[in-house]
Amino acid sequence: MKTRRTPGLSRWRSIWRWHNIVRMSRSAVASFRTPEMALTAGELHRLYRAERRGLQLFVVCRTAIFAVALTWYVLSALASGYTPTRFGIGFLLALTALGVPYYLAIDSRLDRPLFRFLISTIDVAAISGLFVMVPVYQGMDLPQIYAFRNSDIMLLMPLIALSTLTLSPSMVLWSGLSAVTCWMSAYILVVAQMDRRISWSDLPSHASREEYEALILSPDFIARGNRMTEAIITILVTIVLAIAVARARRVFFSQVAAEAERERERAARAEVRNRLGRFVPAAIAERILSDPVSLQPRVRHAAALFMDITEFTVYAHTRDPGQVIAELNAFLARCADEVAAAGGVVITFTGDGLLATFNTPLDLDEPERAALSAGRALIARSETEAFDIRVGIAAGPVASGSVGSVDRQAFTVYGDTVNRAARLEELAKFIGVSMLVDEKCSAAVPGLVPCGTHALRGVGDQVPVWRDSDIS
């Protein structure tokens with residue numbers, strides 16, 4: 001009966017090595033993955049255009065290489081006193097001429113991944129075929145295996161390197177693998193036609209110099225180990241080049257993502273300006289963008305300023321509508337600048353007036369003092385214009401945030417404090433003063449003059465109000 005054998009230490013080491021190889025292979029494969037599915041149509045078009053230009057450059061360079069090889073072949077043969085063969089000239093001339101249809105096929109119906117892979121395969125297969133069909137030396141009957149004695153696989157390396165211009169890791173891998181496959185196939189084909197074969201394994205362990213020279217000079221020496229080394233090195237170089245191209249693509253995607261992020265930021269700035277009005281200064285828009293939470297619904301202590309033009313209907317009745325709108329727009333624009341200079345934000349324009357807030361959505365240490373300063377500036381501005389204004393200021397809890405539908409939203413403020421500011425502006429017109437403030441504002445800004453208690457529309461109780469001693 002057979003007994004079950006326990007795996008030895010060497011077997012476990014072998015398993016561990018294979019485990020590491022698999023793990024590293026997975027990491028290498030992951031490095032080729034690019035987030036192309038996450039790109040927009042425009043970004044994918046940019047990638048396609050870059051790949052197309054790279055393929056065109058690849059075709060131009062490979063054509064130039066074969067043209068140089070043809071020139072070198074003819075000149076070197078003539079310099080050595082030999083006549084270049086018609087086959088060699090025709091062969092290199094054909095490979096050079098193939099560059100023209102290759103180039104014209106780019107962006108045509110033939111431009112498919114298979115076509116791109118076919119270009120590389122034809123080139124390396126043609127060069128490898130030379131080592132099978134072309135005699136090693138003219139006028140000498142030498143074994144064809146001599147064609148592989150000088151590590152001539154290096155002739156294929158420029159074509160592998162050129163494939164990196166296509167910006168396609170798969171194209172680089174295909175070029176390297178097809179080069180190794182064609183080269184080793186040509187080698188195997190030549191070796192199969194030999195009657196006798198010797199390699200490094202036939203060299204004695206303690207060989208003499210004569211035995212070593214006899215081995216490597218033998219026409220039957222196939223140097224199998226040398227060919228395997230060439231193939232392995234070529235594959236390793238190919239993998240390194242493919243990884244470099246994959247990393248370059250990742251850099252491209254990172255740049256595209258950064259540009260997309262900048263575009264989103266520009267769109268966000270436009271959205272903020274649409275919500276807060278086109279008179280909001282860019283500096284304030286930038287501050288709001290740096291704190292997106294400021295546009296979310298919330299309640300905080302703030303000051304509300306309501307401004308309205310007195311007797312605007314009478315003013316507009318006797319004037320041209322176009323002229324009225326132009327003068328009104330110019331005046332409100334300058335008023336918005338005064339509000340912004342005091343640290344406030346114009347929330348909305350109310351036809352012939354405006355509503356501004358302080359400490360929402362932008363943070364402000366002393367919103368009452370800032371609102372009073374803005375009110376004074378607005379009244380001073382109106383004295384140089386053709387308008388007479390009234391201002392009401394109230395302080396307290398203010399609710400703010402974006403409201404509206406999914407497609408159209410606006411930033412707004414609401415609550416008793418906002419309503420009180422509007423009622424104070426109405427009361428200012430009624431009692432004949434330019435600006436009134438509520439009790440909380442007067443507590444925060446000393447030096448205001450009491451104006452008694454009054455009933456505000458919508459507010460049942462009598463409330464105390466104050467005016468600025470510097471303003472009538």
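Begin by selecting residues 86-97, which form helix 3 of this predicted model. Helix 3 has twelve residues, and the distance from its first C-alpha to its last is 16 Å, close to the 16 Å expected at 1.5 Å a residue.

Within helix 3, now display the side chains of G88, F91, L92, L95 and T96, which are buried. These residues lie on the same side of helix 3, because they cover an arc of only 135° around the axis.

Next, move to the loop between strand 3 (353-358) and helix 13 (367-383), and select T360 there. Is T360 buried or exposed? T360 counts as buried, because its relative accessibility is 0% and the cut-off for burial is under 20%.

Leaving aside residues up to four places away in sequence, T360 touches R300, A302, V398, S400 and V413. With S400 there is also a polar contact, made between the side chains of T360 and S400 at 2.9 Å.

Finally, select the whole protein chain and colour it by secondary structure. The chain contains 15 helices and eight strands. Of its 472 residues, 40% count as buried. Turning to contacts between residues at least 6 apart in sequence, 70% join residues at least 24 apart. With the surface displayed, the accessible area of the chain comes to about 26,800 Å², and 60% of that area belongs to carbon and sulfur atoms.

How values were computed. Residues numbered from 1 in each chain as written. Predicted model: local features only at pLDDT ≥ 70, side-chain atom pairs only at ≥ 80, totals over all residues. Heavy atoms only, no water. Helix = DSSP H or I, 4+ residues; strand = E, 2+ residues; numbered from the N terminus. Expected span 1.5 Å × (residues − 1). Buried < 20%, exposed > 50% of the residue type's maximum accessible area, 1.4 Å probe, protein only. Arc of directions from axis to C-beta. Polar contact = N/O pair within 3.5 Å; in protein donor to acceptor, adjacent residues only side chain to side chain. Contact = heavy atoms within 4.5 Å. Areas by Shrake-Rupley, 256 points an atom, 1.4 Å probe, with all protein chains shown as cover.
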